[in-house]
Each structure stands twice: as C-alpha cells, then as structure tokens.
Amino acid sequence: MSGTMNGTMSVTVSGKTLSGRASSVALAVATVLTTALTIWLVLGLYDQHDRAQRRQDILAAARQSALNFTSLDYRHYDRDSANVLHGATGDFKKQFAAQTEQLTKLVAANESVSEGQILDAGIVRSDEHSARVLVVADSKVTNTAAPKGEARTYRLQLDLLHRNGRWLTSDVEFVG
C-alpha cells in the first residue's frame, strides 16, 4: 500500500497496482470474505460441539438407565423401581409401572439383590430427538435360590427419546 501527497492511495495485488476506488473495493471484498469464512468456521465448531455433547448426554442417560435396571434390592425396591421410572417414558414406563406391584412382591419373597455394573455402551444411531444404544452390563445376583450369588451378563438395547431436556428410555430389549 502506498500513498501520495495528493491523497490518493494505491494497493498492489498480484503484481498489479490498484488505486483509489478499486483498492477500497478490494479491501471491502477481502473483509467480507474473511468475515464469512470466520462465521462459517465458528458455526461448524458450534455444531461439532453440540453433536459431541448430545452423544455424551445420550451415553450417560443410557448407562444410568441400564444401571438402574440391573441394580435392584428387595430392602428398598420402592426406591429402586422409582429410579427406573424416573428415567423412563412411553410404553416402557407404563409397562414397568404396571408390573411394579407384582415385582415388589416377587423380589421381596426371593430376597433378591442385583448389583449392576456397566461395562460398555455404544450408540447405534442418534439424532436430536431419539437414539438407540447398546449396553453391556454385569450383575451379581443373590436371592434365596442363590445365596452366594451368581454372575449375569446382560446385553441391552435401549431406545431413548429426548423429552423436556432429558434423554429418557422408551424401550429396553435383551439382545444376543
């Protein structure tokens, strides 16, 4: 960039000298392009962060739901079943709630205790409103028939729905 005593300005671009109005236009175009590129990059980073956060939220909800589902104790089954229901929605919530009274009696009669542990979880598919997650869990189960306990491994497929800012389990299936 160079100037003269009469107030005109010239800019050299690719070996060519632009003066006056042409240099102002070139600077304006460069500013617009730089601004547009910056906005595009920032929006891309925001979208990437949003997707990563959604994945973390989905996995955390699925892990917690599977842990609640595999960790039950006859001494406080009301609390444990309430934990399952708190993270549930839809048909799964209705079915589990409908079976709670019967399950409470069965768990108490057998003095059942199940201590779940989540080994791994992975998202099969997800979008902003739903997700499917596979969870592998181990559980040590003790009851009147197995007072020393027995190990069980579960492979669960959980379907989740995003409701009121939370990921809730809408279906649980035992798989392979």
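This is a predicted model: local features need pLDDT of at least 70, side-chain atom pairs count only at pLDDT 80 or more; totals for chains, interfaces and linings use all residues.
Colleague: What is the order of the strands in the open sheet?

Modeller: The sheet is open and has five strands, with antiparallel pairing. Strand 4 (72–73) and strand 8 each have a single partner strand, so they stand at the edges. One side of each is left without a neighbour in the sheet. The order is 4-5-6-7-8.

Colleague: How many bridges join strand 7 to strand 8?

Modeller: Strand 7 and strand 8 run antiparallel. Across from V172 in strand 8 stands L158. The number of bridges that join strand 7 to strand 8 is eight.

Colleague: Which element gives the most to the lining of the largest pocket?

Modeller: The largest pocket holds about 590 Å³ of space. Its lining has 22 residues, and F69, L72, L103, Y154 and F174 lie nearest the centre. Elements that supply at least two lining residues each include helix 1 (21–70), strand 5 (113–126), strand 7 (150–163) and strand 8 (166–174). With eight residues, the element that gives the most is helix 3.

Colleague: How many residues in the lining of the largest pocket are nonpolar?

Modeller: Sorted by class, this lining has two charged residues and seven polar ones. The number of nonpolar residues is 13.

Colleague: Which element provides the largest share of the lining of the second largest pocket?

Modeller: The second largest pocket has about 240 Å³ of space. It is lined by 16 residues, and D57, A61, G165, R166 and W167 are the closest to its centre. Among the elements that give two or more residues to this lining are helix 2 (77–86) and strand 8. The largest share, nine residues, comes from helix 1.

Colleague: How many residues in the lining of the second largest pocket are polar?

Modeller: This lining includes three nonpolar residues and four charged ones. The number of polar residues is nine.

Colleague: Is D73 buried or exposed?

Modeller: The structure holds six salt bridges, and one of them joins the side chains of D73 and R75, at 2.7 Å from N to O. R75 has a relative accessible area of 56%, so it is exposed. The cut-off for buried is under 20%. At 9%, D73 is therefore buried.

Colleague: How many residues apart are E101 and K105?

Modeller: E101 and K105 form a salt bridge, with their closest N and O atoms 3.7 Å apart. E101 is exposed because its relative accessible area is 58%, and K105 is exposed because its value is 55%. Both lie in helix 3, about one turn of the helix apart, and the spacing in residues is four.

Colleague: Which residue meets R132 in a salt bridge?

Modeller: The two side chains come to 2.7 Å, N to O. The pair links distant parts of the chain, 27 residues apart, with R132 in strand 6 (residues 130–142) and its partner in strand 7. R132 has 24% relative accessibility, so it counts as partly exposed. The partner, which counts as buried at 13% relative accessibility, is D159.

Notes. Residues are numbered from 1 along each chain as its sequence is written. Side-chain values use heavy atoms; hydrogens and water are left out. On a 1 Å grid over the protein atoms alone, a cavity is a set of points where a 1.4 Å probe fits but cannot get out, and a pocket is an open set with protein on both sides within 12 Å along at least five of seven lines; lining residues have an atom within 4 Å of a point. Grid points are joined across faces, edges and corners, and a volume is the space filled by probe spheres set on the points. Ala, Val, Leu, Ile, Met, Phe, Trp, Tyr, Cys and Pro count as nonpolar, Asp, Glu, Lys and Arg as charged, and the others, Gly among them, as polar. A salt bridge is a side-chain nitrogen of Lys or Arg within 4 Å of a carboxyl oxygen of Asp or Glu. Buried means under 20% relative accessible area, exposed over 50%, partly exposed in between (1.4 Å probe, protein chains only). Two strands pair if DSSP finds at least two bridges between them.
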